[in-house]
Each structure stands twice: as structure tokens, then as C-alpha cells.
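Here is a short tour of a model with its ligands, written to be read with the viewer open. Please keep the sequence at hand as you go.

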Amino acid sequence: MKKKKRFLSGITPSAADLHIGNYFGAVKQHVEFQDKGEAFYFVADYHALNTVHNKEELENNILNVFINFLAFGLDPDKCIFFRQSDVPIVTELQCILNNVTPLGLMKRCHAYKDKLEKGASEESINMGLFNYPILMAADILLYKSEVIPVGEDQKQHVEIAKELARRFNHRYGKVLVEPAVYLKKDVAVVVGTDGERKMSKSLGNYISVFADEKTIEEQIMSCVTDPARVHPDDPGSPDKNVVFSYLDLVHRDKGEVQDLRERYKRGKVGDVEIKKLLLKSFLGYFAEARERRKRLKNDLDKVRDIMHRGAEKARKVAKKTIEEVRESVGLNVFK
Ligand code: ADP
Ligand code: TRP
């Protein structure tokens, strides 16, 4: 039988909330990959230290992101789901990788370069940001991952991991596995409720998945609709009404959405009616995940147990790799 490929991806707990862009653009695919190979997922809390500087906020984010991903369907029996800092060996690998990392390569990294180009001074950029790609390479290489599903913005980082594995292997022999990037295909880039930009937490143009119903209703009611339409019986253009694009994602009856589009064009349906339908479909689509999240929130012992078991499994794999790495570089005297 063909050996299953090993997938790995990290999720930075930079916020506690998740929106439908995160779900359709990333999480849904993570859940699907559990059945396609040997999947490793982790909450990249060391990486979050770069942007989250408040202790309570970070703790809250880590816990919520962990719970949210379980609620969406990451199954600890199907994948290894853990927290990055539960396997601190990753920082040892980062330390070793520092020595095969050219300074010039780091200086060409987007995250750092973008900051400089936006006018940040070198004094204001910390080494956590500068070294970010080396830590990410350590994440990838420690688990001998083969396929890394990420968004376009993380592609360069995976290529750096590949380059560092190549350099390490060239110097010390074939120990590390060169990973390949898997760019998400066929996943929606979800437009924000402003109808213009990509949905994003930082832009505030999002619909949360796990907020209370009242908040979700407000977010849906604030969606931008065709501005040329003043009265409900004015003909409208469905393409200028962002609510339709969300209905395409969450409303199960595709024929009904098509029919609504036609009625909208003829001025036979009001915006509020469409938004109400979206709210109902939205809550239906995510009902199971929302319910699961509620249960997990009320059973933190179970969450802790899942986190600890995930860490144990990850540590086992990590230990094996770091032993090989120590041995190959010459750190194993008297062992
Ligand atoms: P945000 O922009 O809201 O801070 P993140 O950068 O934390 O979101 O993104 C986490 C994951 O969700 C990434 O893999 C990213 O590709 C995906 N993602 C975020 N926003 C969207 C969107 N509007 N459409 C599709 N995917 C998205
Ligand atoms: N930097 C990634 C992000 O912000 C998260 C991440 C950390 C990651 N380590 C990783 C993704 C290793 C893939 C592989 O989205």
C-alpha cells in the first residue's frame, strides 16, 4: 500500500474569533485533509507572541482557537492536533537551523520587507518578526512534513523551509525532508461585508461564526447591498449585493438562490428579506459546529485532555527527528 503523505499546517492565534472567510478559505480544507493523509495541525502560539502582547489576550486566543478548530471538525483521532509551545524542541531545531540560514535570505522575506517598505525603522522591528520564517521552517522540518497547505501569503515561508532543509542536508547528510507547498485551490476568497475588500478581522468587515446570534444578525444586516436600489421594488443587480455571495456558500438549496437572484433583478424581493434568509441559512449551516463549541466550552477538562494527548503524540515524532539532527551535527558526544 502506498504510504500516506504527511500534511502539516499551523494556525496563528492572533484573535479569538473566526469569520466565514477563515472557514471557507482555510479551515474547511484542513478538516478535509484529515482523511487524505497523515495530518498534523497546531496552534502556533510562539508565532503569536509577535503580535499579541497581552498575557490574558494570548491565553484566551489560544484556548478559543483550539476549541474553534475542534468544533469545526478537527478530530483528534484522525489528526495530531496540538499546541506549538507544548513541543519546545522546535526552538532547539530553530537554533540549529539559524546556522544554515543566510542573512540575505531573511532580509528578502515579505513580512520583514513589507514592514520596512511601510516606513517601519529597523529599531522598531523585533527579531521575532525577522526570525519568523526560521521558526516556521523548524515547525515544518521537525515533523518531517511533506505537504504544507497554506495561503498565498505563506508560500514564501514554505519555500524557505525547503531551502533550509536542502542546505542542512547538503552539509550533514540526508536527515530532513524537503517539504512542498500546497496552495489552496478552489477555495473561495470571501469578500467582506463592505462588498469591496477581502473579509478580514483587521478591516472589521466580517461575519463571525461563533458569536451570539444578535451579533451575527447585526453583522449580516450591515452587509452592503446594491446602492442604486432605493426602494424594494427597484430592479437590482445581485452582483452588487454581497449577501448573494454568502448565500452561495451557506444556503443548501441552490435553485432557491438562483430564483432569488432573478427576483432581485426584477425588483421583486427586498434586501431585508434576503438578509433574513441568510441569517437563517447561516445559523443552520454552522449549527453543528456552534453546538459542538458550546459543549467544549462547558467541558474544559476534555479540551485540556485533547491538548495534552496531541502534545504527547507530536513530541514523540519531534524527539525522533531532533535525535537524528543532534547526531548528524555532532551534538551527541557520550550518548
Ligand atoms: P484575517 O485576515 O481575518 O486576520 P488570517 O490572516 O488570520 O485572517 O487568516 C487565517 C486563514 O484564513 C488564512 O489561511 C487565510 O488564507 C484565510 N482567510 C482569511 N481571510 C480570508 C478570506 N476573506 N477569504 C478566504 N480565506 C481567508
Ligand atoms: N505563519 C502561519 C500563518 O500565519 C502559521 C504557521 C506557523 C504555519 N507555522 C507554520 C503554517 C508551519 C504552515 C506551516 O498563517
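How many Å is an oxygen atom of ligand 1 from an N or O atom in the side chain of Ser 200? The distance is 3.0 Å.

A word on the ground rules before we go on. This is a predicted model, in which local features need pLDDT of at least 70 and side-chain atom pairs count only at pLDDT 80 or more, while totals for chains, interfaces and linings use all residues. Residues are numbered from 1 along each chain as its sequence is written, chains are lettered from A and ligands numbered from 1 in the order in which they are written, and side-chain values use heavy atoms, with hydrogens and water left out.

**Ligand 1**

Ligand 1 is surrounded by 13 residues (a residue is near a molecule if one of its heavy atoms lies within 4 Å of it). The closest are His 19, Lys 184, Val 190, Met 199 and Lys 201. By class, the shell around ligand 1 has five nonpolar, five polar and three charged residues. Here Ala, Val, Leu, Ile, Met, Phe, Trp, Tyr, Cys and Pro count as nonpolar, Asp, Glu, Lys and Arg as charged, and the others, Gly among them, as polar.

Met 199 takes part through its backbone, with an N or O atom 2.9 Å from a nitrogen atom of ligand 1. Taken alone, ligand 1 exposes 550 Å², and the protein buries 73% of that (Shrake-Rupley method, 1.4 Å probe).

**Ligand 2**

Around ligand 2 there are 14 residues, and the closest are Gly 10, Thr 12, Tyr 132, Asp 139 and Gln 154. They divide into eight nonpolar, five polar and one charged. Helix 8 gives the most, with four residues.

| Residue | Atom of ligand 2 | Distance |
|---|---|---|
| Thr 12 | oxygen | 3.1 Å |
| Tyr 132 | nitrogen | 2.7 Å |
| Gln 154 | nitrogen | 3.0 Å |

Taken alone, ligand 2 exposes 360 Å², of which the protein buries 88%.

**Asn 241**

Next, look at the loop between helix 10 (213-221) and helix 11 (242-250), where Asn 241 sits. Asn 241 has a relative accessible area of 2% and is therefore buried (under 20%; exposed is over 50%, partly exposed in between, with a 1.4 Å probe and protein chains only). Its side chain makes a polar contact with the side chain of Tyr 264 at 3.2 Å (N or O atoms within 3.5 Å, one able to donate a hydrogen and the other to accept it).

**Aromatic rings**

Rings of Phe, Tyr and Trp (its six-membered ring) pair if their centres lie within 6.5 Å; planes under 30 degrees apart are stacked, over 60 edge-to-face and the rest tilted. By this rule the count comes to 20 aromatic pairs. Tyr 23 and Phe 24 form an edge-to-face pair, 5.0 Å centre to centre with 80 degrees between the planes. Ring pairs also link Tyr 23 and Phe 24 into a cluster with Phe 72, Phe 210, Phe 282, Tyr 285 and Phe 286.

How values were computed:
Helices (H or I, at least four residues) and strands (E, at least two) are DSSP runs, numbered from the N terminus.
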